[in-house]
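Here is a walk through one structure, taken a step at a time. Keep the sequence and the 3D view open as you read.

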2 protein chains.
Amino acid sequence: MKIGLLGLGTVGSGVFEILHERRGHLEKIYGETIEISKVLVKNREKKRGICREGDLLTTNPYEILDDESIDLVVEAIGGIEEAYDYIQYALNKGKHVVTANKAVVAKHIDALLTLAENNHRAFLFEASVGGGIPLIKPLKQCSLINEFTEIKGILNGTSNFILTKMMEEDLDFQEALKIAQELGYAEADPKDDIEGNDVARKLAILTTIAFQNNIRLEDVKYRGISNISRRDIKTFKKMGYSIKLIGKAIVQEKNISVLVEPVLIKNTSQFDKVKNAYNMVLLKGNNVGELRLYGEGAGKKATANAVVCDIIDVITDGCTKNTILREEKFKAAETKFFEGKYYIRVTEMNGDIKQEIDDLLKNKQVSYRIAEKEDFTIVTREIQGDVMEDIVKKLAAYGLSFFYARIEEE
Amino acid sequence: MKIGLLGLGTVGSGVFEILHERRGHLEKIYGETIEISKVLVKNREKKRGICREGDLLTTNPYEILDDESIDLVVEAIGGIEEAYDYIQYALNKGKHVVTANKAVVAKHIDALLTLAENNHRAFLFEASVGGGIPLIKPLKQCSLINEFTEIKGILNGTSNFILTKMMEEDLDFQEALKIAQELGYAEADPKDDIEGNDVARKLAILTTIAFQNNIRLEDVKYRGISNISRRDIKTFKKMGYSIKLIGKAIVQEKNISVLVEPVLIKNTSQFDKVKNAYNMVLLKGNNVGELRLYGEGAGKKATANAVVCDIIDVITDGCTKNTILREEKFKAAETKFFEGKYYIRVTEMNGDIKQEIDDLLKNKQVSYRIAEKEDFTIVTREIQGDVMEDIVKKLAAYGLSFFYARIEEE
């Protein structure tokens, strides 16, 4: 088995290292070596400290993509356009492709699975969601023999790290973000991680598999965590909750709602115990029951571990049989099914606006109790997500600074 | 793919039902049917309510084992001797075998994997540990590219159900056991579940895979939960702990300690949140990091789900390549590495014996604090597991009624 590696950044070098470290063991079992025979880099001269990789480096992707001795291409360059081009090219050249790139998978899953199937090649992406957690593969298999009704997960390590810091060290958002950036948990431009886009991509991938339905990225609504205040955090703690960025999909009859949003989680629940950069995914199927899978959601070794698992799968299995149907059984149903109590905090409010909000809530038949008197902080009774959205539109129209989150009792 | 099903009890009928329910979907994907063509039962006349199974029933196992049209045998009769005979016979006849039978796997894993390998057939047992949790398969794969250092799990639904009832409803052991029996969570003879044998079997299987080492059932020490008193439970709660039956394996250099025992778990930990018949397994590998896998540890549908996943694996993959090496890298090292504080409660004690125990602990240089004055209830400072065992032998020699448990702070 000869492998071409596109990219020698965090994931790429992790893959290189694991295959090198385990080469004896793998050879003992498979009786053949798994050899990385070429590596695409941007700069050949950069010092990397990976043994003997100097001979293997190239700056020309087509030295890998056109090399007929290469059986499998690992795409680890990230980004969308280029990665998409290379993956298509490799599949068309009869190579298997393994990627950790959630952005390209979420956007092009249908096209890429079709292309792989037509070329009788594997297209695998275990590392694209949940880092080291064995997730995509069990989910693919379970989706064949289960009707799934719910997926729920903490799927972004960066935002979970920030929220953990805010909760545990009493920091406000900007302070926690800064620490995350200093420690390498957040990028210089943290937008995708903190605004929910990243979770939306992962959730689109998981739901497409679980529900055997073509869930487009546009079907996933999302919002992030950047306007949570330190005072909110204090109130959450007093109420017995922690705040998490949750991606969740619910199926009801022919409708599916897929949503990424901050959620208040009871401090006695398992999700509350998912700290720092860890991820956890809950899956509910009619046969398998409830599963919760927890592990490192990102990081060099855990992600590379998932990539190497995919490579091993291709060796042992071929994996050329696609089992992910992309049917159109379910209709995207916005936030209608996200029922619950909601926490709402509105800052800097004068008496008139308070009266208007009060009237608005009465009009919507939303009763509530005051949770905290500083700011205007309330907890509603159970309402539907679309009712909450109407309220939010009004609050935004008033030009108010506010934050809201659904409350989950489990 | 034609399947012969040995046994139509809980697991067997679950497999039958799932394959029937999902037949359309599986045919759509694989372009072939997965057909159960014969079923071994003890009594043909028993009413079962499974559609058209009447035609398929036989009371003669060799009608299945000698049937050359049958590709795969599912062993779901339970027990050891007979099951072992049938599995060997089937493999020798060139059939793949899937089983949910942890007793036979734990006892004969080495012989059965060798036999399957020699016959170029699959021998799979995902359902033998952790019910519906995708566990064996990810572990097999990860063990190829990780050095595992720790496995820890709640692996028995019956005992966990009993302990949950004792904690939540303030019951003593016998009362909780009775409820478990009435609800079908415990058998009439609950010994294997409550005394730790069942967890020992599962742990032997998991450790053999994870450490790629031949861990024999005799290497796994175990003790159960039947002498936990209601007063113990009260004390645990006051101290901020819950009690769980934990199977755990630790590797240090060339030594491995594998132990099943009651453990006090901090009430803020994820393991504390594993209630009733649920299972959770923690795995630590040098590349994948820490994984925690949670789900239904038993029950008809979850277990059958795992069996059907194995069947699908044989269809797509063949699975005739064994990847579980049974080397002798590690030496079984008793309880030496189980360091920690210990809870000890001794009942009905007179002043003389109290003095003797006090002296004993002083001799062993074990300092402690009194946790509760009713009975003689103490918490030791950090000591090694083998020191604790010496103390226990003495307590037993005095003929005292006592309970002890290691305390885990995570």
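**From the cavity outwards**

The largest cavity has a volume of about 250 Å³. The model around it is a predicted one. In total, 25 residues line this largest cavity. Those closest to its centre are A:K137, A:P138, B:P134, B:K137 and B:P138. α6 (136–145) and α12 of chain A each give at least two residues to the lining, and so do α6 and α12 of chain B. The biggest contribution is that of α12(B), with 5 residues. A search of the whole structure finds 3 cavities of 30 Å³ or more.

Now look at how the two chains relate. Rotate chain B by 180°, with 0.0 Å of shift along the axis, and chain B superposes on chain A with an RMSD of 0.0 Å. The two copies are therefore related as by a two-fold rotation axis. The same surface serves both copies, as 100% of the contact residues of chain B recur in chain A.

Next comes helix α2 of chain A, which spans residues 23–30. Which of its residues are buried? They are A:H25, A:L26, A:I29 and A:Y30. These residues cover an arc of only 110° around the axis, so they sit on the same side of α2(A). An α-helix has 3.6 residues a turn, so residues three or four places apart point the same way. What covers the buried residues of α2(A)? The cover includes α1 (10–21) and α12 (300–317) of chain A. It also includes α6 (136–145) of chain B. Just after α2(A) comes A:G31, with a positive phi of about 65°.

Positive phi values turn up elsewhere too. Most residues other than glycine have a negative phi. A:E253 has a positive one, near 50°, and is not a glycine. Where is A:E253 found? Its place is the loop between β9 (241–252) and β10 (255–266) of chain A. A:E253 has a relative accessible area of 72%, so it is exposed. Turn to chain B for another case. B:C319 is also a residue other than glycine, and its phi is positive, near 60°. B:C319 lies in the loop between α12 (300–317) and β13 (331–332) of chain B. Is B:C319 buried or exposed? Its relative accessibility is 15%, so B:C319 counts as buried.

The UniProt annotation "binding site", from an unreviewed entry, covers A:K102. The annotation "binding site" in UniProt, again from an unreviewed entry, covers A:E187. Take A:K102 first. A:K102 is part of helix α5 (residues 102–118) of chain A. With 27% relative accessibility, A:K102 counts as partly exposed. Which residues does A:K102 touch, not counting those up to four places away in sequence? They are A:S128, A:D198, A:R201, A:K202 and A:I205.

A:E187 comes next. A:E187 sits in the loop between α8 (173–182) and α9 (191–194) of chain A. At a relative accessible area of 55%, A:E187 is exposed. Leaving aside neighbours within four places in sequence, A:E187 is in contact with A:Q181 and A:D193.

Cross to chain B for a pocket. The second largest pocket has a volume of about 1200 Å³. Its lining is made of 40 residues. Closest to its centre are B:V11, B:K102, B:E187, B:A298 and B:G299. Several helices of chain B each supply at least two lining residues. They are α1 (10–21), α5 (102–118), α7 (157–169), α9 (191–194), α10 (197–210) and α12.

One of those helices, α9 of chain B, holds B:K191. B:K191 has 44% relative accessibility, so it counts as partly exposed. Leaving aside neighbours within four places in sequence, B:K191 is in contact with B:G196 and B:N197. B:L283 lies 92 residues from B:K191 in sequence. In space the two are 27 Å apart, C-alpha to C-alpha.

Terms used. Residues numbered from 1 in each chain as written. Chains lettered and ligands numbered in written order. Predicted model: local features only at pLDDT ≥ 70, side-chain atom pairs only at ≥ 80, totals over all residues. Heavy atoms only, no water. Least-squares fit on C-alpha atoms with pLDDT ≥ 70 in both. Contact = heavy atoms within 4.5 Å. UniProt positions renumbered as here; feature names shortened; annotations may be inferred. Helix = DSSP H or I, 4+ residues; strand = E, 2+ residues; numbered from the N terminus. Buried < 20%, exposed > 50% of the residue type's maximum accessible area, 1.4 Å probe, protein only. Arc of directions from axis to C-beta. 1 Å grid on protein atoms, 1.4 Å probe; cavity = no way out; pocket = protein on both sides within 12 Å on 5 of 7 lines; lining within 4 Å. Points joined across faces, edges and corners; volume = space filled by probe spheres on them.
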